[in-house]
Amino acid sequence: MKTKLILFSLLATFSACNGQPKQEKLTSQRSEPKKLSFTLNDFYSNRAELDEKVAKVFDQLNTQERLAQMIITSAGELGKPQATVASLVKNNKVGGVIFLKGNGSDHQKFIDSLNAISSKQNQLPLIYSIDAEPSLINSRLPDVKKKFPKTIDIKSPEESAQVATDISKTIKDFGFHYNYAPVVDLSPNNEAIKSRSFGSDRDSVIAKAKAFIEATQDENVVSCAKHFPGHGFVEGDTHKQLVYIDGKLREIDVYKPLIEEGVLSIMIAHIAVENNEKYGTDGAPASISKKIVTDLLRNELGFEGIITTDAMNMVGATSSGESAPFLSAEAGCDMILMPPSETALLKEMQAEYEQNESFRSQIDESVKRILKLKICLRLIE
């Protein structure tokens with residue numbers, strides 16, 4: 001009997017010793033699921049996890065929250081008063097803010113305060129943008145000590161990439177995610193473009209633009225090619241008037257390799273097209289033309305990124321009436337930049353969204369693109 005008890009004890013001890021490692025192994029396998037982290041390099045990928053994340057966020061938003069993602073208001077010395085911008089954010093009427101002229105340190109403080117508002121309201125994070133072109137950054141951000149060359153003076157793709165990297169790091173430090181650059185118009189001589197262009201040689205412009213875009217997005221900052229369908233051969237300035245492309249769209253081929261390169265955003269200009277049977281805009285700016293925005297850029301050129309308007313308070317846009325911002329959304333633009341009245345635009349879009357299934361479907365796709373961008377910017381975890 002004693003022998004049996006000893007044997008039983010030995011077996012129990014052996015079983016316990018051999019069982020413990022199995023328990024430890026099971027415990028280690030029960031670790032928390034790994035959180036997926038995306039970057040801008042994932043935006044055009046077919047990752048099911050990213051699409052699933054977009055759908056999950058989208059489904060949690062009500063109609064106003066969805067539509068607000070498309071509206072970008074302005075701040076800074078030439079933008080709307082801080083109290084106005086803060087109210088728009090608090091009432092969930094915008095998805096982002098473009099900062100115009102002002103010290104970067106002041107912008108950073110206001111960005112921090114806006115982030116605090118959206119966080120307190122349990123809203124989606126805002127996307128912050130700026131016109132930090134090489135030719136503009138030192139005037140847009142006068143407290144930036146580093147002096148950048150004018151775009152026209154950039155001599156090579158290698159220099160373009162280095163300038164883009166330096167600009168991206170500079171604006172990221174202030175809290176910006178999105179740079180409306182580079183200008184890819186084929187002319188340094190246009191009234192509105194001047195030194196902001198890489199020049200008039202097509203191959204050189206494409207090479208420098210591709211380098212700028214790649215370097216910018218490698219820093220996880222959104223790059224935006226502009227001004228589609230081309231501002232290089234027009235006369236006049238869309239800030240002051242509606243201008244025209246007469247006949248053939250001579251700059252479209254510039255955008256094809258940039259789309260292939262993976263540029264994430266393209267800006268539509270307030271330029272009308274005349275004497276062109278296929279792409280004529282009937283006296284309206286390209287920014288509100290479905291022929292240009294959807295038929296040409298989205299469908300023919302196959303661009304799947306963010307289509308943004310130029311500022312909707314420019315004369316080239318306001319000449320089309322108070323509904324121009326709404327018409328740009330209807331034409332297929334994803335982001336409506338600086339509408340004169342964000343509240344009026346939101347109201348107009350919501351009325352159409354609730355009664356027009358086709359419009360609703362198109363807008364939902366725009367919103368999902370913006371959510372995907374915010375996820376890839378790591379604004380939405």
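Beyond its neighbours within four places in sequence, Leu-373 is in contact with Leu-40, Phe-43, Ile-127, Tyr-178, Val-222, Ile-306 and Met-335. These contacts come from a predicted model.

Leu-373 also belongs to the largest nonpolar core, which holds 114 residues. Three members touch the most others there: Leu-114, Phe-228 and Leu-373. Helix α14, residues 357–376, gives the most to this core, with 8 residues.

Ile-306 lies in strand β9, which spans residues 306–309. Is this strand covered on one face or both? Both faces of β9 are covered. Ile-306 and Thr-308 are buried on one side. Ile-307 and Thr-309 are buried on the other.

Strand β9 pairs with β7, residues 265–268. The two run in the parallel sense, over 4 bridges. Ile-268 stands opposite Thr-309 of β9.

## Helix α10

Helix α10 covers residues 290–300. Its buried residues are Ile-292, Val-293, Thr-294, Leu-296, Leu-297 and Arg-298. Just after α10 comes Gly-302, with a positive phi of about 70°.

## A buried loop residue

Where does Thr-151 sit? Thr-151 is in the loop between α6 (137–140) and α7 (157–174). Thr-151 has 1% relative accessibility, so Thr-151 counts as buried; the cut-off is under 20%.

Which residues does Thr-151 contact, leaving aside its neighbours within four places in sequence? They are Pro-134, Ser-135, Ser-195, Arg-196, Ser-197 and Phe-198.

## Cysteines

Cys-333 is buried because its relative accessibility is 0%. Cys-376 also has a relative accessible area of 0%, so Cys-376 is buried as well. How many disulfides does a search of the whole structure find? The search finds 0.

## The whole chain

The chain has 14 helices and 10 strands. Of its 381 residues, 54% count as buried. The accessible surface comes to about 17800 Å². Carbon and sulfur atoms account for 48% of that surface.

What share of the contacts with a separation of 6 or more joins residues 24 or more positions apart? The share is 74%.

Key:
Residues numbered from 1 in each chain as written. Predicted model: local features only at pLDDT ≥ 70, side-chain atom pairs only at ≥ 80, totals over all residues. Heavy atoms only, no water. Disulfide = S-S within 2.5 Å. Buried < 20%, exposed > 50% of the residue type's maximum accessible area, 1.4 Å probe, protein only. Contact = heavy atoms within 4.5 Å. Core = buried A, V, L, I, M, F, W, Y, C linked by side-chain atoms within 4.5 Å. Areas by Shrake-Rupley, 256 points an atom, 1.4 Å probe, with all protein chains shown as cover. Pairing = 2+ DSSP bridges.
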